Protein chains: 2
Amino acid sequence: MPRESSTAPPADVVPPISRGGRGIRLIRQYLGDRPPGLEETTLTARDRGPRTAAGRLWRQGKRVLIGRPIPSTQAAQERLTRVKALAVLSSDAISSVAYGPEAALLVLSAAGAGALVLNLPISAAIALLLVIVTFSYRQTIFAYPSGGGSYIVASENLGRIPGLVAASALLIDYVLTVAVSVASGVAALASAVPALGDQLVPIGLACIALLAIGNLRGVRESGALFAAPTYLFILSLLALVGVGLVRVLVFHDPAATGAPREPVARGETVGVLLVLKAFSSGCTAMTGIEAVSNGVPAFNPPESRNAATTMLWMSGILGTLFVGIVVLFYAYGLVPDPTGNPTLLSQLTEQVVGRSWFYYLVQGATLLVLVLAANTSYADFPRLSAILARDNFAPHLFGFRGDRLAFSVGIIVLSILAAVLLVLFRGSVDALIPLFAVGVFVAFTLSQAGMVVHWRRLRGARWRAKATINGLGAVAAATVALVAGGTKFISGEPLFQVAGFDVRAGSWIVIVLIPLIILNFLGIHRHYTRAADELAVETPLSPEAIKHVVIVPIGAVNRLAIQTLAYACSIATNVSAVYVSDVPEEMAQLHQTWRAQRVHHAFLDRVSLRLVRSPYRSLIPALMSYIDDVDQRQPSSTITVVLPELVPAHWWEQPLHTQTALRLKAALLFRPGTVVTSVPYHLERELPPGQEQLR
Amino acid sequence: MPRESSTAPPADVVPPISRGGRGIRLIRQYLGDRPPGLEETTLTARDRGPRTAAGRLWRQGKRVLIGRPIPSTQAAQERLTRVKALAVLSSDAISSVAYGPEAALLVLSAAGAGALVLNLPISAAIALLLVIVTFSYRQTIFAYPSGGGSYIVASENLGRIPGLVAASALLIDYVLTVAVSVASGVAALASAVPALGDQLVPIGLACIALLAIGNLRGVRESGALFAAPTYLFILSLLALVGVGLVRVLVFHDPAATGAPREPVARGETVGVLLVLKAFSSGCTAMTGIEAVSNGVPAFNPPESRNAATTMLWMSGILGTLFVGIVVLFYAYGLVPDPTGNPTLLSQLTEQVVGRSWFYYLVQGATLLVLVLAANTSYADFPRLSAILARDNFAPHLFGFRGDRLAFSVGIIVLSILAAVLLVLFRGSVDALIPLFAVGVFVAFTLSQAGMVVHWRRLRGARWRAKATINGLGAVAAATVALVAGGTKFISGEPLFQVAGFDVRAGSWIVIVLIPLIILNFLGIHRHYTRAADELAVETPLSPEAIKHVVIVPIGAVNRLAIQTLAYACSIATNVSAVYVSDVPEEMAQLHQTWRAQRVHHAFLDRVSLRLVRSPYRSLIPALMSYIDDVDQRQPSSTITVVLPELVPAHWWEQPLHTQTALRLKAALLFRPGTVVTSVPYHLERELPPGQEQLR
């Protein structure tokens with residue numbers, strides 16, 4: 001029975017066949033019922049390694065960078081305690097306090113000092129939103145214990161297109177998370193070490209390269225690795241907020257007057273638009289909050305309960321830090337530097353504790369936690385791409401696990417996109433923020449709306465209450481998405497010029513990208529579906545029905561050509577040799593050699609020799625037109641072009657040969673229904689005795 | 001008889017076979033005696049053009065840049081009158097006066113004003129050398145009426161290695177001629193238009209690109225094209241020298257005092273070494289003088305007589321201009337500018353005629369004639385490379401004529417090398433000069449020495465006198481080569497730094513390159529000889545002796561796989577299908593589908609199914625190790641790997657498929673004796689009815 005093969009194969013049932021023990025091990029023979037003539041065998045292949053010097057070099061380099069391959073059987077996932085899970089899953093959300101509050105203040109500061117106080121009510125609204133979204137997602141955790149990503153929830157409950165909208169918004173979000181987190185982390189570093197201030201982009205690219213290599217190596221979301229930096233960040237920021245609040249409220253720090261410490265440019269007037277812009281910028285502090293509900297299966301049992309508790313803790317910490325930081329920013333009258341250097345958090349830390357060891361601890365922890373936040377996307381983007389590939393919406397390549405079990409293609413694509421963003425936006429967090437909120441809150445909205453449909457469909461206990469909570473979450477998230485999309489449609493510095501016209505960043509990029517990505521998803525899906533339909537076997541095929549016409553292009557009558565013709569004659573009877581030239585003397589010369597060789601090789605009598613004159617010296621078009629002609633005369637036959645292929649012993653000898661076979665193969669690939677056979681002749685290799693025949 | 005095919009084929013003996021008249025035209029059937037079963041046909045192929053959009057775009061671009069293809073039959077060469085020949089063949093030599101005299105003076109000026117007078121005796125010596133070399137080459141013209149290039153003369157008379165020394169020296173010389181002539185022409189332009197002074201390299205690269213395109217289009221050495229600029233240059237320079245001498249000698253121009261017009265840096269002392277350096281720099285004025293003896297067959301009959309007369313005229317003009325310019329440089333006390341801008345010739349012209357229209361005429365003519373001089377190398381380098389390719393010393397690609405009958409590879413290689421030189425030496429003539437003389441005079445020496453052996457072997461009338469003249473030429477040329485190689489071994493500005501060590505240009509580059517190039521020539525020759533020996537047919541082959549083992553890797557049991565298996569069963573009986581996976585469930589699933597399909601496709605009973613487990617998910621290494629295993633068990637069989645190949649209808653759909661077939665083909669290319677067959681399945685193409693079978 002075939003199902004037997006799913007059990008672990010007993011090792012070394014049959015001893016290795018191949019000499020030196022480097023071959024295939026035969027581990028199970030004769031699977032299931034065997035009709036006469038059908039031999040079925042399960043073998044386990046061993047990799048014998050690359051055969052060429054270049055191949056070995058490539059593998060060595062890959063091994064050093066990525067590590068040795070890991071077998072598929074080690075794909076088990078680590079289960080997390082609540083303490084570890086908080087570290088692993090919350091770095092993205094909690095690290096957002098490093099850029100969210102500053103982004104809101106930067107918007108307000110454009111309207112002068114008086115506008116800064118508005119950050120307090122705006123932040124209160126954001127905190128309220130955080131509570132709503134937290135309780136919304138808490139319900140998702142219980143409803144989808146196997147992991148409720150926005151794509152899955154939206155697809156299952158709202159249908160294919162909303163699911164794809166969520167997926168594309170998430171993919172954009174993941175790329176932006178990497179770019180924003182890395183840029184923000186580098187800004188924290190540059191605040192502490194001002195000399196690095198003009199090297200933001202190279203340092204950011206180096207971070208992305210490290211993340212890519214680490215993830216290609218298959219850095220597991222190891223609790224131990226994540227715990228230290230995340231808790232260091234949480235504790236040092238809690239301490240900072242605590243000390244700051246004590247100084248302001250208890251000791252009435254004279255520096256904490258609430259008045260701006262620097263003159264503030266007054267470009268815009270305070271209005272609804274400005275407030276909404278500041279609100280949507282501040283909402284970026286909530287990005288990453290969905291991570292816990294995606295990662296439920298990673299928790300120790302009871303998974304949902306542990307995840308829900310962790311979610312509450314995470315939101316509590318995030319809210320505390322966010323509100324505390326906002327209040328302290330206001331109390332100390334801090335104003336964001338338009339260049340983003342030093343960061344506002346750096347200014348605050350310096351204000352509260354001076355340039356002490358603690359200042360450097362906070363900056364270092366900020367850098368580390370932001371790199372971990374970027375790393376979260378390195379887990380999510382490849383995983384979502386792989387799910388999309390499985391559902392035939394993304395190229396199947398995204399679903400392949402590399403040597404180290406990581407989804408290599410997704411990791412590489414994510415790195416390239418994030419690097420492009422970083423270069424394009426010159427490593428500036430402020431420039432990237434306007435793009436950030438839209439994608440995140442579109443995904444939130446669809447996920448929460450999906451949950452409403454979910455409860456309504458199930459109609460379980462208290463379904464109305466649950467649906468109301470998720471509905472509230474959906475409305476809140478939709479509001480943010482609309483505000484962010486609308487108020488920041490065009491925003492920020494010009495990125496580049498096209499025909500004298502400044503192209504400025506803004507949420508329009510995301511709003512344009514989402515439908516384009518969805519069209520791509522649908523196109524890919526259609527292609528795979530059609531291909532699968534077409535390949536579904538229908539008409540019975542029979543080898544006997546194939547009529548062969550075999551064409552062998554030759555460049556001379558030598559061993560290479562005669563070996564190839566012998567092969568051709570061994571597979572079919574209707575064989576012709578084709579010689580192309582522009583020089584009549586060459587054609588006559590070849591014809592003479594041909595007749596001479598017929599004496600030694602009797603089988604050449606069975607081969608038709610065709611001399612094709614190519615007036616423009618071109619070889620490939622002449623052969624192609626010959627093949628077309630044969631095709632038109634014998635339309636029901638299968639044409640096989642058998643190519644003699646001279647393979648030099650060393651790669652550096654390749655330029656000495658004219659690669660005709662290679663070019664002809666490329667040309668024939670696009671000729672429907674033409675079978676191409678390469679008969680290689682390897683130069684200057686010793687042949688074992690008795691293997692002269694074609695070896 | 002095969003010889004018949006060398007006559008021009010009568011067009012349209014048989015009407016076109018193919019529909020639409022776009023096929024092959026059958027122009028002669030049944031060549032020679034035909035044994036039963038052997039059909040021999042001469043056909044003339046018509047190019048139907050590329051089939052893909054990318055191919056059509058490439059061809060359109062090539063047509064615009066290079067022009068429409070020219071048939072081989074139009075390869076006839078233009079015959080030249082003496083007047084035209086002088087223009088075509090002397091531009092290289094005569095244009096050398098634009099840089100030779102200046103190069104000598106630049107060396108002398110390093111020793112202060114007093115040293116400048118030494119240029120007069122040095123130039124007298126160069127003029128004497130010119131006379132000797134001219135009479136030497138005049139004898140070559142008569143001895144080699146079919147063209148006596150240094151490579152041919154040295155190979156025939158001195159042997160293979162001296163011939164290859166000459167060839168490598170000439171190839172280097174041709175590259176340097178392009179670089180020096182273009183740099184010098186650009187310097188003439190920059191002297192007239194000082195604003196271009198900092199754009200020397202880009203302008204030079206543009207010139208090289210134009211020369212490359214022009215020659216790929218097949219610019220013939222058309223007399224009409226060459227005559228105007230060359231004669232303009234000759235006449236305007238003769239007029240300049242004449243007017244200058246009259247002003248100095250007859251009117252006693254007060255400016256012509258012989259005293260340097262500018263303070264001269266005094267870095268070196270006058271000594272033998274300095275004089276020899278100046279001499280070898282000045283000798284670059286003689287480069288290109290061998291062109292006439294190479295081009296004898298291009299003359300109107302009597303070829304040798306006409307060529308000899310032209311040679312005398314050319315040398316006379318070159319000598320007159322050279323001596324006249326040197327005398328005027330001295331009379332007006334001109335000192336070369338170390339930057340090479342303005343050129344000395346520009347200074348002289350300004351001195352004699354002011355910044356008049358005549359000044360601009362001279363500068364313009366100088367630019368044009370120098371570009372023509374560079375163009376001479378564009379004829380010579382590809383021609384010599386093609387001769388070397390014919391003799392198996394250079395890759396055969398150099399011998400292929402492109403669409404326009406030009407040796408495309410040689411033209412492209414020459415352009416790249418000259419462009420690299422120009423960039424490396426920052427477009428400076430003075431920096432390039434030290435490399436220039438060595439190669440030229442090594443080739444001269446070998447050519448003249450070869451002539452001595454030639455006369456000695458023939459022992460014809462007055463052979464001793466002839467041998468003496470060539471011997472004198474050889475000794476003189478060898479002296480220059482030694483002087484140039486020795487005194488300028490290291491010379492000039494640092495090119496770049498390697499590990500803190502300045503790498504300076506100098507003749508050492510050429511002296512190191514010549515043996516390296518020769519080693520390359522010999523290595524290539526050995527490779528081709530071995531390949532030809534190996535391919536010489538010896539043991540009789542027979543198709544019946546081939547035992548087939550056919551392996552078909554499959555990814556699923558679908559139409560693609562079943563079609564491929566049907567093909568495999570139609571060419572051999574021993575066929576196995578191989579499926580690789582790391583998931584036991586997938587293997588069981590495939591096995592089930594396989595058994596289901598056996599009901600519809602009876603021939604599958606003849607196929608062995610092999611399930612190979614690949615623990616590291618890698619496909620190619622697993623298949624390779626399976627093939628190795630089969631090979632070891634059946635060492636006397638020929639393994640054919642038949643690959644199902646899914647070809648999408650559009651190129652942009654390629655990334656959606658995993659290119660397994662392509663990667664496997666690349667891996668199998670390096671596996672000796674493995675035949676690889678691709679059975680394509682073209683997706684989403686309408687199939688004509690009745691062609692379901694494999695089409």
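This report describes strands, salt bridges and selected residues in a predicted model.

Residues are numbered from 1 along each chain as its sequence is written, and chains are lettered from A and ligands numbered from 1 in the order in which they are written. Local features need pLDDT of at least 70, side-chain atom pairs count only at pLDDT 80 or more, and totals for chains, interfaces and linings use all residues, while side-chain values use heavy atoms, with hydrogens and water left out.

## Chain A overall

Chain A contains 21 helices and nine strands. Of the 695 residues in chain A, 55% are buried. Here buried means under 20% relative accessible area, exposed means over 50%, and partly exposed lies in between (1.4 Å probe, protein chains only). The chain exposes about 28200 Å², of which carbon and sulfur atoms supply 64%; accessible areas come from the Shrake-Rupley method with a 1.4 Å probe, and for residues only the protein chains shown count as cover. Among contacts (heavy atoms within 4.5 Å) in chain A between residues at least 6 apart in sequence, 76% join residues at least 24 apart.

## Strand β5 of chain A

Strand β5(A), residues 548-553, is mostly covered, with six of its six residues buried. In a regular strand the side chains alternate between the two faces of the sheet. In β5(A), one side carries A:His548, A:Val550 and A:Val552, the other A:Val549, A:Ile551 and A:Pro553, and all of these are buried.

Two strands pair if DSSP finds at least two bridges between them. β5(A) pairs with β8(A), residues 638-647, in the parallel sense over four bridges, and A:Val549 has A:Ile639 as its bridge partner there. Four bridges also join β5(A) to β6(A), residues 575-581, and these strands run parallel. In β6(A), A:Ala577 is the bridge partner of A:Val552. The chain passes from β5(A) through helix α18 (residues 559-571) to β6(A) in a right-handed β-α-β crossover; right-handed means that, with the strands pointing away from the viewer, the path from the first strand over the helix to the second runs clockwise.

In chain B, strand β9 (residues 674-682) is mostly covered, nine of its nine residues being buried. B:Thr674, B:Val676, B:Ser678, B:Pro680 and B:His682 point one way from β9(B), B:Val675, B:Thr677, B:Val679 and B:Tyr681 point the other way, and all are buried. β9(B) pairs with β9(A), residues 674-682, in the antiparallel sense over three bridges. The bridge partner of A:Ser678 in β9(B) is B:Val676. Within chain B, nine bridges join β8(B) to β9(B), and the two strands run parallel; B:Val647 stands opposite B:His682 in β9(B).

## Charged side chains

A search of the whole structure finds 14 salt bridges over all chains, each defined as a side-chain nitrogen of Lys or Arg within 4 Å of a carboxyl oxygen of Asp or Glu. Some of them are listed below.

| Salt bridge | N to O distance |
|---|---|
| A:Arg390 and A:Asp391 | 3.0 Å |
| A:Arg633 and A:Asp629 | 3.1 Å |
| B:Lys665 and B:Glu645 | 3.1 Å |

A:Arg390 is exposed, with a relative accessible area of 61%, and A:Asp391 is partly exposed at 22%. A:Arg633 and A:Asp629 are separated by about one helical turn because they are four residues apart in helix α20(A), residues 620-633. Of these two, A:Arg633 is partly exposed at 41% relative accessible area, whereas A:Asp629 is buried at 2%.

B:Lys665 is buried, with a relative accessible area of 19%, and B:Glu645 is buried at 7%.

A:Lys488 lies in the loop between α16 (463-487) and β3 (494-498) of chain A. This lysine is buried yet has no salt bridge, and A:Asp430, the nearest side chain of opposite charge, is 9.0 Å away. For such charges, Lys and Arg count as positive and Asp and Glu as negative, while His and the chain ends are not counted. Not counting residues up to four places away in sequence, A:Lys488 touches residues including A:Lys277, A:Ser280, A:Ile433, A:Pro434 and A:Ser507.
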